[in-house]
Amino acid sequence: MLCDCIWRNARLATLSPNQSGLGEVDNGIVACKDGVILFAGPAADAPPGIDTPESIDCEGRWITPGLIDCHTHLVYGGDRAHEFELRLAGASYEAIARAGGGIVSTMSATRAASETDLVEAALPRLDALLSEGVTTVEIKSGYGLALEHEAKQLRAARELAQHRQVTVVTTFLGAHALPPEFADNPDGYIAEVCQTTIPAIAAAGLADAVDAFCEGIGFSREQTRRVFQAASAHGLPVKLHAEQLSNLHGASLAAEFGALSADHLEYLDADGVAAMGKAGVTAVLLPGAFYFTRETKLPPIDLLRSAGVPIAVATDCNPGSAPLTSPLLAMNMGATLFRLTVEECIAGFTRQAARALGRSDIGTLEAGKACDLAIWDIERPAELVYRMGFKPLHARIWRGH
């Protein structure tokens, strides 16, 4: 059996759901052909006759699946460093947003930027993620808040994949905040999103999913329902920013629509957890935003575990509440602030992150999956979670290269 490449003499964390823990394998190999894994497991179990003109000795290094950042707002104009100073002086995130800052501030900078400007600004942020083993990144719109500019954001996100070897998944987040032209008319804006923007975005094939911000400073449960109905009518799966600052029972709405994920979840209650568990909705935890906004209400981790809700972790890279481009630091925050285990943190950036994106082709080292690998200079996987400011990536492989 001729392969394109075999990585030998490696220790594997396969993250296979069919194996216990991280699916650890000593003296493992990964064999790839045409960008797809043919075999990943103990060298002694490799198919007979497997061979390749290219064999790489990993010298005992660890291989995990390439990391997946399943919740980012990577493409935007400007920054919000001044608002950070205001928060240090005592202003709340909500007060800044209500005073015309926050998302609307970034909207102004994003609208003023060209598509090329947005790509060039996003590339350094993307490079930071790639330097820590990311091979797939989800990127949301939500800073244009009008069809022209939302489409511009999504096109810029897609264009990033033309500049770097990475898989980009795009999410339309038009229901992120109320733009000034719809001041005091949120229902009118939601009608615009549902009747004009979603159909146009879907027709252009610019989004893989639709998201919304169901929150007191965002949109109500019923307005979110309308967004979900429009998304479903156009064949797009849904995701939701839910229960970040208060409990509007968005998670149960996400469950009702079979959402891929509900994200943030600090104010999630037992009924919302039960609904998510029953519907198979993935919880995406964002410890960077929790840290940066100095939140004190912890997400109900034990309830999520008890209900069997899959737990993913992501950076939430955005200019206002999580200017974070380090998945490894996000893992450390998940463990330190939320008391997630090492296994939950690593699975949260691989297998469970893939679930949050509805992707069955990535996230584990198994035959038939994309050959997206992260090769690490570490002695044990816990180092990926334990250490801060650590740059242990030896090599990043995307689609076998």
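In this predicted model, Leu147, Ala151 and Leu154 of H5 meet Thr196, Thr197, Ala200 and Ile201 of H6, contact being defined as heavy atoms within 4.5 Å. The residues of this contact of H5 with H6 comprise 5 nonpolar, 2 polar and no charged; Ala, Val, Leu, Ile, Met, Phe, Trp, Tyr, Cys and Pro count as nonpolar, Asp, Glu, Lys and Arg as charged, and the others, Gly among them, as polar. As a predicted model, the structure is treated with pLDDT limits: at least 70 for local features and 80 or more for side-chain atom pairs, whereas totals for chains, interfaces and linings use all residues. Residues are numbered from 1 along each chain as its sequence is written, and side-chain values use heavy atoms, with hydrogens and water left out.

Helix H5 spans residues 147-163 and helix H6 residues 186-204; their axes lie 10 Å apart and the helices pack at an angle of about 30 degrees. H5 is therefore roughly parallel to H6. Helices (H or I, at least four residues) are DSSP runs numbered from the N terminus, and axes are lines fitted to C-alpha atoms over the stretch in contact, with angles from 0 to 180 degrees between N-to-C directions. Angles under 35 degrees count as roughly parallel, over 145 as roughly antiparallel, 65 to 115 as roughly perpendicular and the rest as oblique. H5 passes H6 in a right-handed crossing, that is, with the near helix turned clockwise from the far one by less than a right angle.

H5 also packs against helix H4 (residues 115-130): the two axes come within 9 Å and cross at roughly 55 degrees. H4 and H5 are therefore oblique to each other, and their crossing is right-handed. On the H4 side, the contact involves Glu115, Leu118, Val119, Ala122, Leu123 and Leu126, which meet Lys152, Gln153, Arg155, Ala156, Glu159, Leu160 and His163 in H5. The residues of this contact of H4 with H5 divide into 7 nonpolar, 2 polar and 4 charged.

On a 1 Å grid over the protein atoms alone, a cavity is a set of points where a 1.4 Å probe fits but cannot get out, a pocket is an open set with protein on both sides within 12 Å along at least five of seven lines, and lining residues have an atom within 4 Å of a point. Grid points are joined across faces, edges and corners, and a volume is the space filled by probe spheres set on the points.

| Space | Volume | Lining by class |
|---|---|---|
| Largest pocket | about 390 Å³ | 13 nonpolar, 6 polar, 1 charged residues |
| Second largest pocket | about 310 Å³ | 7 nonpolar, 4 polar, 4 charged residues |
| Largest cavity | about 120 Å³ | 4 nonpolar, 8 polar, 2 charged residues |

The largest pocket is lined by 20 residues, with Ala97, Val104, Ala177, Leu178 and Ile217 nearest its centre. Helix H2 (93-98) and helix H3 (103-112) each supply at least two residues of this lining, and H2 gives the most, with 3 residues.

For the second largest pocket, 15 residues form the lining, and Arg87, Tyr93, Phe292, Thr293 and Arg294 are the closest to its centre. Helix H1 (81-88), H2 and helix H10 (287-292) each contribute at least two residues to the lining of the second largest pocket; the largest share, 3 residues, comes from H1.

The structure holds 1 cavity of 30 Å³ or more. Of the 14 residues lining the largest cavity, Tyr93, His176, Gln244, Asn318 and Ser321 lie nearest its centre.
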